[in-house]
Amino acid sequence: MTRGNKVGIRKWVLSGLLMMSIAILAPLSSTARAAEPIKIGFSMALTGGLAGAGKAALIAMEIWREDINKAGGLLGRQVEFVYYDDATSPAKVPGIYTKLLNVDKVDLVVSSYGTNEIAPAMPIIMRKKLVFLSLFGLAVNDKFNYDRYFQIMPAGPVPKEDWSRGFFTLAAEQSPKPKTIALLSADAEFARNGVAGARKNAKKMGLNIVYDKTYPPGTADFSPIVRAIKATNPDMVFIGSYPPGSVGLVKSANELGLKPKMFGGSMVGLQFASIQKNLGPLLNGIINYDFWVPEPTLKFAGVEEFLKKYQEKAKGKGVDPLGHYLPPFAYAYLQILGQAVTAVGSLDQGKIAEHLHATTYKTVVGPVKFGANGEWAKTRTLMVQFRDVKPNDMSQFEGPGKRIVLYPKEWKSGEIVYPYK
Amino acid sequence: MVLELFLNAVVAGILLGGFYAAVALGLSITFGQLDIVNIAHPAFVIVGSYTTYIINESLGLDPILAGVLATPIFFGAGVLLYRFYYVSFERTGQESLSGLAFFFGIMFIVEVVLIMVYGVDYRLVEADYIGKTISFGFIIIPIRMLAPFLMASVMTLGVYLYLSRTFNGRAILAVSQDRLALQLMGADPVKIKQLALGIAVATAAVAGSLLIIIGPVEPSVGRLYIGRVFAIVILGGMGSIGGTMTAALMIGVVESLVATFYGPSWAPAVGFIILLVTLAIRPQGLFGRA
């Protein structure tokens with residue numbers, strides 16, 4: 001036997017051994033992968049202006065993780081979260097998602113809370129063609145038209161206009177019909193989007209817009225604004241505001257006697273228990289958007305159990321103690337993601353997206369069906385009217401009767417009191 | 001109608017300006033007189049709001065009274081803060097940039113500690129007069145704005161009298177001008193500065209109580225006031241308490257008039273335009289020494 005032959009045989013034996021070891025180890029490594037947890041990555045506003053909502057959302061999401069892991073996980077794998085605080089700063093969001101995808105190698109991504117924190121993530125998510133379930137973005141996909149974007153806030157298929165459709169539908173049903181409207185918006189993306197839709201709806205209804213202005217963040221005194229609105233004597237006042245503005249405007253309107261026939265619209269903060277308690281009877285009559293309230297028409301399977309868990313965990317954390325507004329939806333968007341992954345049986349983003357487009361999901365916030373643009377196929381932005389609110393009592397908001405659902409009709413729990421007194 | 005709106009806007013602006021003065025007062029002392037760029041001052045104001053909230057919620061005391069009661073603790077904290085600042089930066093002559101970074105850091109630490117301890121939910125206080133108004137003809141004044149204005153005026157007057165009439169007060173005015181001369185007068189500049197920072201931080205307790213009477217507060221809300229209060233201190237003239245009050249009232253009235261007649265979005269911009277124009281004409285500010 002020549003030396004060359006010997007080397008050749010050795011080569012064959014070695015490569016044979018290598019093949020065998022790969023064949024033996026391959027299933028082992030795939031078993032190891034199966035046992036690896038599924039990582040869901042997201043950025044979340046845990047400090048800064050939207051931290052109140054962001055922290056509450058995180059509590060709800062953690063409840064879902066506990067629930068799903070207790071039930072055996074997703075695809076037989078435990079679920080793990082990888083998340084970073086975006087400090088309510090849109091500029092931090094792209095970096096966070098880049099890290100989640102390239103360094104942490106997460107399997108699935110969901111969004112942070114709010115329009116301003118969702119939009120900056122979109123280009124990165126779109127480049128990687130990932131399914132993106134988002135939490136409370138208003139009309140984010142209008143500009144991106146991304147077919148794997150799904151948004152849990154029940155704004156509806158034409159988010160900007162659907163948002164305030166209820167307010168204007170109710171107005172149109174009143175007699176005599178209101179003729180004039182004042183529009184006021186905080187100088188930020190979400191509020192401006194809401195009021196832009198209201199402007200369209202007002203024009204469609206033939207209302208005369210007598211006041212249309214924005215106010216900057218950091219406004220301490222709202223009385224000059226309220227006086228200027230009052231001077232135009234509008235029949236309706238539609239406001240897009242954030243919590244400090246909402247409180248300031250409700251107080252100022254009350255102090256200065258601004259009494260239009262309808263007041264409210266898109267005021268963030270009036271859904272939070274601490275603010276409801278502080279404003280008390282000043283809220284009575286206000287018609288404002290909401291997503292879930294404890295009215296008998298909205299008792300969906302699982303929502304009460306979820307809220308019980310949330311309220312227990314929220315204690316001492318300085319977040320909304322009742323958690324009606326955002327937490328059920330933060331739970332539901334993961335519920336939907338989980339249901340879609342389970343139904344598809346893999347993490348194939350294309351198949352998950354297809355499933356999300358085609359299916360009606362059962363969640364704690366009721367049945368959810370997404371339309372072509374990833375928004376709810378049909379709006380369920382509620383218009384609720386505060387009624388019989390008593391001073392200084394948070395517990396009154398736990399049960400029904402304080403926030404009456406006026407719109408949409410299928411979820412209605414009472415009749416409107418008009419004009420607002 | 002226009003006259004009614006105009007007069008109401010002026011009155012509302014004066015009341016708002018009084019509140020701005022309360023927030024800017026502490027900064028006027030630290031930044032204006034001690035040359036300490038205390039960018040954390042609005043964060044201290046928020047701590048004042050939380051202290052007021054806790055006292056109001058647990059003991060049911062009036063928010064302003066709660067703020068006043070908290071001043072000794074804030075004074076002590078201010079003194080300690082200065083000791084630390086002096087030992088770490090001023091003594092070694094590194095106060096300009098490192099000091100700024102230090103107060104930036106303090107601001108973030110205060111914010112994060114508040115978030116960790118109290119969470120991020122909005123806090124509000126209760127008082128009988130919140131929501132009530134008094135009227136003089138067509139001028140309607142919300143007491144929610146009037147009470148902060150009155151308290152801010154009393155506090156500003158108090159600080160003004162202290163600085164202009166007492167030995168220690170005058171020493172505070174002197175310390176930034178001539179340390180050596182002050183030492184020759186028998187006063188220790190370090191002690192005088194720590195007294196001054198103590199007073200400055202103590203005013204934050206009261207300013208915080210006024211802020212939470214006006215509206216809801218959460219840990220990061222102080223950031224929104226940084227630009228405005230620095231503008232007021234510079235506009236008024238560095239170190240002039242009367243100037244700070246005047247500038248605060250001016251900004252308040254201008255913001256209120258612009259918000260009423262033109263659009264609230266322009267209000268802060270017009271405030272800053274006034275600052276720029278004033279600085280172009282009088283670089284030392286309205287009441288600053290040339």
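# Strands, helices and contacts

Q: What makes strand β6 and β7(A) a pair?
A: Seven bridges join strand β6 (residues 180-186) of chain A to β7(A), and the two run parallel. Two strands pair if DSSP finds at least two bridges between them, so β6(A) and β7(A) qualify with seven. In one of these bridges, A:Ala182 has A:Tyr211 of β7(A) as its partner. Strands here are DSSP runs of E with at least two residues, helices are runs of H or I with at least four, and both are numbered from the N terminus.

A word on the model itself: it is predicted, local features need pLDDT of at least 70, side-chain atom pairs count only at pLDDT 80 or more, and totals for chains, interfaces and linings use all residues. Residues are numbered from 1 along each chain as its sequence is written, while chains are lettered from A and ligands numbered from 1 in the order in which they are written.

Q: In which order do the seven strands of the open sheet of chain A lie?
A: The order is β7-β6-β8-β9-β10-β13-β14, with mixed pairing.

Q: Why are β7 and β14 of chain A called edge strands?
A: Each of them, β7 (208-215) and β14 (403-407), pairs on one side only. Ignoring direction, neighbouring strands of this sheet are turned by 25° against each other on average. Helix α10 (residues 243-256) of chain A packs on the sheet and touches β6, β7, β8 (236-241) and β9 (262-267), its direction making about 155° with that of β8(A).

Q: Which strands of chain A form the open sheet with parallel pairing?
A: Five strands do, in the order β2-β1-β3-β4-β5. Its edge strands are β2 (79-85) and β5, each pairing on one side only. Helix α2 (residues 51-70) of chain A lies across β1 (38-44), β2, β3 and β4, at about 165° to β2(A). Helix α3 (residues 93-102) of chain A packs on the sheet too, touching β1, β2 and β3 and making about 170° with the direction of β1(A).

Q: What makes β4(A) a partner of strand β3 of chain A?
A: Three bridges link β3 (residues 108-113) and β4(A) in the parallel sense; one partner of A:Val109 in β4(A) is A:Phe132. β4(A) also pairs in the parallel sense with β5 (residues 149-151) over three bridges, and A:Phe132 stands opposite A:Tyr149 in β5(A).

Q: Which way do the residues of strand β4 of chain A point?
A: A:Phe132 and A:Ser134 point one way and A:Leu133 and A:Leu135 the other way, and all are buried. In a regular strand the side chains alternate between the two faces of the sheet.

Q: Why does B:Ala196 count as buried?
A: A residue is buried if 20 or more other C-beta atoms lie within 10 Å of its own, exposed if 12 or fewer do, and partly exposed in between, with C-beta atoms placed from the backbone. B:Ala196 has 27 C-beta neighbours inside 10 Å, so it counts as buried. This residue sits in helix α8 of chain B. Leaving out residues up to four places away in sequence, B:Ala196 touches B:Ile29, B:Gln33, B:Leu34 and B:Ile172. Touching means contact: C-beta atoms, placed from the backbone, lie within 7 Å.

Q: What makes helix α9 of chain A mostly covered?
A: Eight of the nine residues of α9 (residues 223-231) are buried, among them A:Pro224, A:Ile225 and A:Arg227.

Q: Why are α6(B) and α8(B) called roughly perpendicular?
A: The axes of α6 (residues 167-175) and α8 (residues 189-214) of chain B come within 9 Å and cross at roughly 105°. Angles of 65 to 115 degrees count as roughly perpendicular, under 35 as roughly parallel, over 145 as roughly antiparallel and the rest as oblique. The two helices are therefore roughly perpendicular to each other. Axes are lines fitted to C-alpha atoms, for helices over the stretch in contact, and angles run from 0 to 180 degrees between N-to-C directions.

Methods: Contact = placed C-beta atoms within 7 Å.
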